[in-house]
Amino acid sequence: MTDTLQIDIHPIEKSRIDTVDFDNLVFGRSFSDHMLSVDYQNGEWQRPQILPFGDITFSPAMMSLHYGQAIFEGMKAYKSASGEILVFRPEENWKRLNKSADRMCMPAIPEDIFMEGLSALLSLDSAWIPAKEGCSMYIRPFMFSTDGYVGVSPSKGYKFMIFTCPVGAYYTKPIRVRVETKFIRAAHGGVGFSKNAGNYGASLYPTKLASDAGYDQIIWTDASEHKFVEEAGTMNLMFVIDGKLVTAPIGDTILDGVTRKSVIQVARDFGMAVEERQLSIQELTEGVTSGKVQEAFGAGTAAVIAPIATIGYDGVDYELPAQSLDLFSRRVFTEIDNIKTGKIADTRGWIMKI
Ligand SMILES: *Cc1c(COP(=O)(O)O)cnc(C)c1O
């Protein structure tokens with residue numbers, strides 16, 4: 001880039017970092033000192049600002065609260081052993097945010113605002129990026145409409161923001177998931193492929209019912225027949241069947257996960273066959289029973305890989321084989337984690353160094 005973007009930086013007077021217990025970080029509960037804030041007014045993005053993290057004021061008629069023009073992203077940065085800041089595949093999140101924006105009639109965020117704003121924010125709050133094994137900085141870019149107006153139409157004004165959260169290792173014991181056959185997450189022609197806030201609001205109730213029945217998450221199935229496996233919560237679903245990696249193909253009902261595409265790439269590099277295809281509940285449950293389905297796991301930025309122990313369907317719990325170190329899900333997790341933390345060379349061009 002020839003001329004660098006101007007960012008107004010208003011640093012915090014006194015850091016809050018001493019108030020945070022870095023040995024007991026709860027995911028999404030601690031916020032770093034600063035946030036990026038960029039307004040869209042009169043058809044253009046205004047000068048980005050970095051401000052102390054804190055409350056913002058808005059009209060009770062702010063349209064995003066009423067009509068749902070609100071989208072977000074999630075990604076992570078790591079500190080390498082030598083203290084470098086490494087961000088995992090941020091261009092993918094930038095592109096996906098703009099796909100979500102397009103679907104929701106929101107303005108695209110220019111690459112320089114996203115990348116340079118992110119770099120400036122992470123540099124300023126670099127002390128907040130945990131260096132401890134398994135820890136990272138969760139990054140939350142998001143955009144919402146800001147006009148105070150009653151009427152369903154696209155807003156004229158928007159705000160794009162990024163804040164960051166130091167997070168600890170996301171050790172999940174293998175999860176119990178239930179196949180959902182009544183409620184749906186995404187239908188063809190809908191907004192399932194976009195990370196738009198309403199999708200998550202709609203998922204709360206069915207997820208609560210599954211939770212009341214003793215499951216950690218839902219396996220969403222296709223909206224028309226409830227016959228094919230789609231996603232689990234905020235993760236893409238992946239399976240190892242007869243030694244092949246199987247996952248639902250990307251389409252308008254599936255979120256195009258960065259973790260998913262990274263796992264697929266690593267699988268191919270390991271010499272494993274990958275099938276992006278529909279997987280029916282019948283094939284899945286029969287496969288778990290016969291032992292053809294060797295592994296099931298969720299893939300997403302927060303947990304990276306969440307192994308599945310149990311799949312509940314129609315009142316029956318199907319149990320996956322026990323975890324062991326030589327499972328693909330373990331090996332792929334280690335490979336991706338080593339790239340993210342700079343322990344092995346980034347031969348795939350996935351890391352942005354700050
Ligand atoms: C964010 C998300 C994912 C995972 O995407 P990543 O880029 O890997 O974090 C998968 N499914 C849904 C519904 C999501 O919201």
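What we have here is a predicted model, in which local features need pLDDT of at least 70 and side-chain atom pairs count only at pLDDT 80 or more, while totals for chains, interfaces and linings use all residues. Residues are numbered from 1 along each chain as its sequence is written, and side-chain values use heavy atoms, with hydrogens and water left out.

Let me begin with the pocket, meaning an open set of points on a 1 Å grid over the protein atoms alone, where a 1.4 Å probe fits, with protein on both sides within 12 Å along at least five of seven lines. The largest pocket holds about 970 Å³ of space, a volume being the space filled by probe spheres set on the points. It is lined by 41 residues, of which Phe72, Tyr138, Arg140, Lys195 and Thr234 are the closest to its centre; lining residues have an atom within 4 Å of a point. Because domain 1 (8–168) and domain 2 (175–336) both give residues to this lining, the largest pocket lies between them, the bounds coming from an automatic or database domain assignment.

Turning to the ligand, there are 15 residues around it, and Lys195, Tyr200, Glu231, Thr259 and Thr301 come nearest, where a residue counts if one of its heavy atoms lies within 4 Å. A side-chain N or O atom of glutamate 231 is 2.4 Å from a nitrogen atom of the ligand, whereas for threonine 301 a side-chain N or O atom is 2.6 Å from a ligand oxygen atom. The ligand taken alone exposes 380 Å², and the protein buries 98% of that, with areas from the Shrake-Rupley method with a 1.4 Å probe.

How values were computed:
Polar contact = N/O pair within 3.5 Å; in protein donor to acceptor, adjacent residues only side chain to side chain.
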